[in-house]
Amino acid sequence: MNIKRICFQPHEDKRGKLVSIDVGKDMPFCIKRIYYIYDAAPEVVRGRHAHRKLEQVLVCVHGKCKIKLDDGKEKETVLLDNPRVGIYVANNMWREIYDFSDDSVLMVFASEEFDESDYVRDYDEFIHSIK
Ligand code: T46
């Protein structure tokens, strides 16, 4: 699977690092929504769904977690542990996010507003829908 990683260039000086994300330059879509996940226990699995239309970029801005991506043909797991790297998750991609460290903060940039009807929460339905 060809997973797209987006590298953000931090502005670094003796006070620390600052990452700015320019929508037209760094993101493959116009951001309509931003949310973040924190206080996720190490044993939980989040996600377990696909989206019909939504595209997202996930950045673990603190701590770490893993994401398993499944396009219906191939599966790949990526460790998210770098606030300078975003993982692009296209539509029609099953995702499971797990192995959260206690201090993890997962920031998500989304191409669409929240819409429950965009979710495919049944794996068999997902496989059927991409055929
Ligand atoms: C994804 C992973 C990484 C809202 O009201 N607005 C929102 O923008 C979102 C994302 C969620 N919600 C509500 C819906 C549920 O009542 O928050 C609750 C938890 O959402 P969900 O169970 O979908 O959370 P995750 O972590 O399983 O999945 C979320 C995103 O939904 C999903 O698109 O890729 O984070």
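This report looks at one strand, the nonpolar cores and the cysteines of a predicted model.

## Ground rules

Residues are counted from 1 along each chain as its sequence is written, and side-chain values use heavy atoms, with hydrogens and water left out. Since the model is predicted, local features need pLDDT of at least 70 and side-chain atom pairs count only at pLDDT 80 or more, while totals for chains, interfaces and linings use all residues.

Let's start with strand E9, residues 85–89. Strands (E, at least two residues) and helices (H or I, at least four) are DSSP runs, numbered from the N terminus. Are the residues of E9 buried or exposed? Five of its five residues are buried, and buried means under 20% relative accessible area, with exposed being over 50% and partly exposed in between (1.4 Å probe, protein chains only).

In a regular strand, side chains alternate between the two faces of the sheet. In E9, Val-85, Ile-87 and Val-89 point one way, and Gly-86 and Tyr-88 point the other.

E9 also has pairing partners; two strands pair if DSSP finds at least two bridges between them. Strand E1 (residues 5–7) pairs with E9 in the antiparallel sense over three bridges, with Arg-5 standing opposite Ile-87. Strand E6 (residues 56–62) runs antiparallel to E9 too, joined by three bridges, and here Leu-58 has Ile-87 as its bridge partner.

## The nonpolar cores

Nonpolar side chains tend to be buried together in soluble globular proteins. A nonpolar core is a set of buried Ala, Val, Leu, Ile, Met, Phe, Trp, Tyr and Cys residues joined through side-chain atoms within 4.5 Å. The largest one here has 17 residues, and Ile-67, Leu-80 and Leu-106 touch the most other members. E6, E7 (65–70), E8 (75–80), E9 and E11 (105–110) each supply at least two residues of this core, and E7 gives the most, with three.

Not counting residues up to four places away in sequence, Ile-67 touches several others, including Leu-58, Val-78, Leu-80 and Val-89; contact means heavy atoms within 4.5 Å. A second, separate core of nine residues includes Ile-6, Val-57, Tyr-88 and Ala-90.

## The cysteines

How many disulfides are there? With a disulfide taken as a pair of cysteine sulfur atoms within 2.5 Å, the count comes to zero. For Cys-7, the nearest cysteine sulfur is that of Cys-60, 15 Å away. Cys-7 counts as exposed, at 60% relative accessibility.

Cys-60 is in no disulfide either, and the nearest cysteine sulfur, that of Cys-65, is 4.2 Å away. Cys-60 is buried, with a relative accessible area of 1%.
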